[in-house]
Amino acid sequence: MTPNQQDTTVFNTRFGKITALKEEGIIRIKSIRYAHSERFKKPVAVEASLSSIIISPEKTPVCPQALSPLVEKMIGATPVESFEPDESTQYLSITRPETISENEKLPVVVWIHGGSHEIGCGDLATADPAEWVKEQHIIVVTVSYRLGLFGFLGGDEKRPANLGLLDIIEALKWIKKYIADFGGDENNMTLLGQSSGGDAIAHLMISEGVENLFQRLIIQSAPLGLRHKRQKMSAEFLKKTEVLKDETDVLKMMEEYKTFVPSVIKYGLKAAMPFGTQYGFFPLCKEEESVEMWKKNARKYDVLIGLNNDETAFYLKTSEALNKYFGKGLGLKIMDKTVEKTTEFIYGAPARQFAENLADAGGNVYLFRIHSKLKDNHIGAPHCIDLPLIFGNEAAWKSSELLKNIPWSRIHENGKKLRALWAEFARTGKIADTSERPEILELRKI
């Protein structure tokens with residue numbers, strides 16, 4: 001639908017005149033290009049253009065990617081007709097309250113989406129921040145960046161590593177420079193990352209070129225247990241996909257790279273995420289230096305880190321093949337123990353160690369865990385259950401298997417309290433002991 005004239009407004013900013021859409025108490029500014037890139041090249045910031053009016057593209061730009069059948073089933077079908085594949089996918093969107101007092105500067109939350117560094121984008125209905133923005137009077141900026149072959153696999157001069165991470169840094173520079181023109185406080189910026197997005201922002205803490213770009217981080221379900229000793233796997237995967245580097249048909253690239261994924265399964269659990277941040281390449285240090293770098297930077301940032309209690313149930317308990325053998329009786333007990341062990345290995349122990357390292361170095365750190373608390377919910381609190389809690393938007397989750405037996409009223413009741421706590425942290429870097437907790441949340445200061 002093309003918005004009619006009374007539904008739009010124009011922001012006169014130092015970047016240019018930008019059209020925005022007014023919608024039920026919020027203002028949306030969609031798909032602003034913050035940088036350009038050529039294939040396998042570093043991003044180049046977009047220059048300000050004061051003479052022209054910047055209009056959102058009709059379709060949402062998205063990094064070329066192969067749809068995940070599991071995500072389609074568990075979270076919901078992707079409306080592919082509303083997206084446009086774009087290799088140079090450096091775009092951001094801003095959602096803010098419609099009414100802001102004169103000279104008011106709102107805290108800014110920057111959303112870095114997950115998806116195994118391989119799928120997703122900043123603008124999905126299941127991560128629409130409208131409810132949160134209205135309830136807590138904050139600004140949320142959602143960022144799209146290069147993924148997969150284009151953003152998180154590299155290791156030589158022709159195909160540099162960490163390009164997706166460099167895209168995010170360019171987005172943060174843009175936000176720092178221009179967000180005040182939209183009512184945001186450029187000196188009160190919180191990064192919010194979930195899953196691989198959490199992995200990305202954790203590594204931004206130790207990246208070069210991020211000085212003063214953010215003050216706080218909320219790291220949800222980061223698979224930090226998969227970050228170790230990935231160099232051989234990445235080098236092999238890079239070599240195998242060399243034949244695709246000059247392919248002009250991006251959709252063909254997406255189909256064909258998957259045929260090489262089984263070749264890295266020998267590297268164990270980490271092969272479940274073949275793309276990722278890579279140590280020893282700009283802007284990151286060597287892996288053996290990483291823990292000391294986090295400790296060195298501990299006092300610079302407020303950190304809220306945690307996970308869902310049954311993360312890997314998202315992958316294990318939703319498998320028809322596994323449920324055939326492990327769906328009841330002794331098999332189910334084995335399945336439950338496997339979920340517990342793998343959740344602890346990939347998410348739980350690494351989050352706790354990360355938090356303790358920062359706290360030992362003088363950092364301000366909170367650790368959380370989200371539980372289900374429903375007796376007859378066999379999947380528990382799996383990966384991605386935090387998304388409807390943080391973003392709400394009931395309509396977007398209607399077909400989700402993830403919430404199949406959970407009343408939306410329960411998601412909303414717990415989500416509203418969680419959104420208030422996360423916003424409190426984004427404003428102040430603290431969560432008061434007196435602030436109301438949702439029943440599903442375990443939270444403590446380290």
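This is a predicted model: local features need pLDDT of at least 70, side-chain atom pairs count only at pLDDT 80 or more; totals for chains, interfaces and linings use all residues.
Q: Why is His 117 called buried?
A: The relative accessible area of His 117 is 0%. The cut-off is under 20%, so His 117 is buried. This residue sits in the loop between strand S10 (106-112) and helix H2 (130-136).

Q: What makes the phi of His 117 worth a remark?
A: Phi is near 60° there, a positive value in a residue other than glycine.

Q: Which serine has a positive phi although it is not a glycine, and where does it lie?
A: Ser 221 has a phi of about 55°. Its place is the loop between strand S13 (216-220) and helix H6 (231-240).

Q: Why does Ser 221 count as buried?
A: Its relative accessibility is 1%. Buried requires under 20%, so Ser 221 qualifies.

Q: What makes strand S15 largely enclosed by the rest of the structure?
A: Seven of the seven residues of S15 (residues 364-370) are buried, and the strand is therefore largely enclosed. Asn 364, Tyr 366, Phe 368 and Ile 370 point one way, whereas Val 365, Leu 367 and Arg 369 point the other way; all are buried.

Q: How do you know that S14 and S15 pair?
A: Pairing takes at least two bridges between two strands. Strand S14 (residues 302-308) and S15 share seven bridges, so they pair, in the parallel sense. Gly 306 stands opposite Phe 368 of S15.

Q: What makes S15 and S16 a pair, and in which sense do they run?
A: Five bridges join S15 to strand S16 (residues 441-445). At least two are needed, so these strands pair as well. They run antiparallel, and Ile 370 is opposite Leu 441 in S16.

Q: How many disulfides does a search of the whole structure find?
A: The search finds zero.

Q: Why are Cys 384 and Cys 285 called buried?
A: The relative accessible area is 8% for Cys 384 and 11% for Cys 285. Each value is under 20%, so both count as buried.

Q: Which peptide bond is cis, and what is its omega?
A: The bond joining Phe 282 and Pro 283 is cis, with omega about 5°. Pro 283 is in the loop between helix H7 (250-257) and helix H8 (290-296).

Q: How many helices and strands are there in the protein?
A: The protein has 13 helices and 16 strands.

Q: What share of the residues counts as buried, and what share of the contacts joins residues 24 or more positions apart?
A: Of the 446 residues, 58% are buried. Among contacts with a separation of 6 or more, 76% come from residues 24 or more positions apart.

Q: Which residues does UniProt list for "domain: Carboxylesterase type B"?
A: The unreviewed UniProt entry lists residues 22-318. Over that stretch the chain is 24% helix and 23% strand.

Methods
Residues are numbered from 1 along each chain as its sequence is written. Side-chain values use heavy atoms; hydrogens and water are left out. UniProt positions are given in the numbering used here, feature names are shortened, and annotations may be inferred rather than shown by experiment. Helices (H or I, at least four residues) and strands (E, at least two) are DSSP runs, numbered from the N terminus. Buried means under 20% relative accessible area, exposed over 50%, partly exposed in between (1.4 Å probe, protein chains only). A disulfide is a pair of cysteine sulfur atoms within 2.5 Å. Contact means heavy atoms within 4.5 Å.
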